[in-house]
Amino acid sequence: MSGRDSIQSLLTLRKLTRAITDVVRVQMTEYLKTLTPLLRPKAVLGDYVQGGPKEPSRKADKAFGDLQALYDTVAVARPYNLPRELTPPLSFGSLGLEITPLDYYHVVQVGAETRRIKVRCPLTWVLTYTDFPPTRLQELLDTKARSVEELQRFVLNYLVMHLATKSEPGLMQVFEALHFPLTTSKAPQFGELPITRIGIGTSRGRPSDALVMERDELTGMDAFEEVVKAEDLALLGDPLKARLLEIARQHAPELV
């Protein structure tokens, strides 16, 4: 395609991507409101969290042991260098859920020219407790006179969110069935801290570096947004439907 046609196609895909993102964000937010109680720290750690009735639980004992092990791995190392001790009961307050758009940096190279561009991943968000977005965590790490207590709260909130999603396979299956699977990743700037992501399982991508740079020069902004691959939207399936059809093929293939 010519440069002009390429830019026009890119603009069309961006418009489509943003329309889909708006719908997905609204639906996801509604689901998260309903599922928030299952992801709260108290639901995972029981009496190890301050507040609420006392209910001894072996499950909570294991969860706190897992939390301590994760904390020992993440918190005492760079870039956090936090104290090793965790003294229960831990205080988290009343927490809701929050989603933050996922960004990363990509170095565009065209000929001898290179440019570092911030890229946004539509349809994928970082899932955290309210007021603990990764942008604020980065600000804390960039501050020389940072608060150790506040940084520890961030680390604990990310670790508990990770435990809340990974310790309940049924909960992971619920999000999968809703077409919003939960995944865990790490980011170089956050060390070994597990980052919980939520999104929709459809492909996205960037065009060629040349087109990205052309668009960057037209807008004057060192930022870009991935676009959906429209042909992949038809591939979104229903896990339960697929499973039932597979059972039908095994037991009564002549009927399917």
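**Reading salt bridges, burial and a pocket**

Reader: What do the side chains of Lys118 and Asp103 do where they meet?

Author: They form a salt bridge, with 3.7 Å from N to O. Please keep in mind throughout that this is a predicted model. Lys118 lies in strand β2, residues 113–129, and Asp103 in strand β1, so the pair ties together parts that are 15 residues apart in sequence.

Reader: Which residues are linked with Asp103 in a network of salt bridges?

Author: The network links Asp103 to Lys118 and Arg120. As for accessibility, Lys118 is partly exposed, with a relative accessible area of 34%, and Asp103 also counts as partly exposed, at 26%.

Reader: How many salt bridges does a search of the whole structure find?

Author: The search finds 15 salt bridges, and one of them joins the side chains of Arg84 and Asp72, at 3.9 Å from N to O. That pair links distant parts of the chain, for Arg84 sits in the loop between α3 (58–74) and β1 (97–110), while Asp72 sits in helix α3, 12 residues apart. Arg84 is partly exposed at 46% relative accessibility, and Asp72 is partly exposed at 25%.

Reader: How should I read the accessibility of Arg115, buried or exposed?

Author: To judge this you need the cut-off, which is that a residue is buried when its relative accessible area is under 20%. Arg115 has a relative accessible area of 18%, so Arg115 is buried. Its side chain meets that of Glu113 in a salt bridge of 2.5 Å, N to O, and Glu113 counts as partly exposed, at 33% relative accessibility.

Reader: Which residues of helix α7 are buried?

Author: In helix α7, residues 209–219, the buried residues are Leu211, Val212, Met213, Arg215 and Asp216, a list you can trace along the helix in the structure above. After α7 comes Gly220, whose phi is positive, near 75°.

Reader: Which residues make the nonpolar surface patch of about 280 Å²?

Author: The patch is made by Leu240, Leu244 and Ile247. Leu244 is found in helix α8, residues 239–251, and Leu244 is partly exposed, with a relative accessible area of 48%.

Reader: With which residues is Pro88 in contact, leaving aside its neighbours within four places in sequence?

Author: Once those neighbours are set aside, Pro88 is in contact with Tyr48 and Phe64. Pro88 has its place in the loop between α3 and β1, and with a relative accessible area of 35% it is partly exposed. For a comparison of sequence and space, take Pro88 and Leu151, which are 63 residues apart in sequence and 17 Å apart in space, C-alpha to C-alpha.

Reader: What volume does the largest pocket have?

Author: The general idea is that rolling a probe the size of a water molecule over the atoms shows where empty space is left. Here the largest pocket has a volume of about 520 Å³. It is lined by 21 residues, and those closest to its centre are Leu102, Asp103, Tyr104, Gln189 and Phe190.

Reader: Which elements give two or more residues to the lining of the largest pocket?

Author: These elements are β1, β2, α4 (134–142) and β4 (195–199). The largest share of the lining, 6 residues, comes from β1.

How values were computed:
Residues numbered from 1 in each chain as written. Predicted model: local features only at pLDDT ≥ 70, side-chain atom pairs only at ≥ 80, totals over all residues. Heavy atoms only, no water. Salt bridge = Lys/Arg side-chain N within 4 Å of Asp/Glu carboxyl O. Helix = DSSP H or I, 4+ residues; strand = E, 2+ residues; numbered from the N terminus. Buried < 20%, exposed > 50% of the residue type's maximum accessible area, 1.4 Å probe, protein only. Patch = residues over 30% accessible without salt bridge, like charges linked within 9 Å, V, L, I, M, F, W, Y side chains within 5 Å. Areas by Shrake-Rupley, 256 points an atom, 1.4 Å probe, with all protein chains shown as cover. Contact = heavy atoms within 4.5 Å. 1 Å grid on protein atoms, 1.4 Å probe; cavity = no way out; pocket = protein on both sides within 12 Å on 5 of 7 lines; lining within 4 Å. Points joined across faces, edges and corners; volume = space filled by probe spheres on them.
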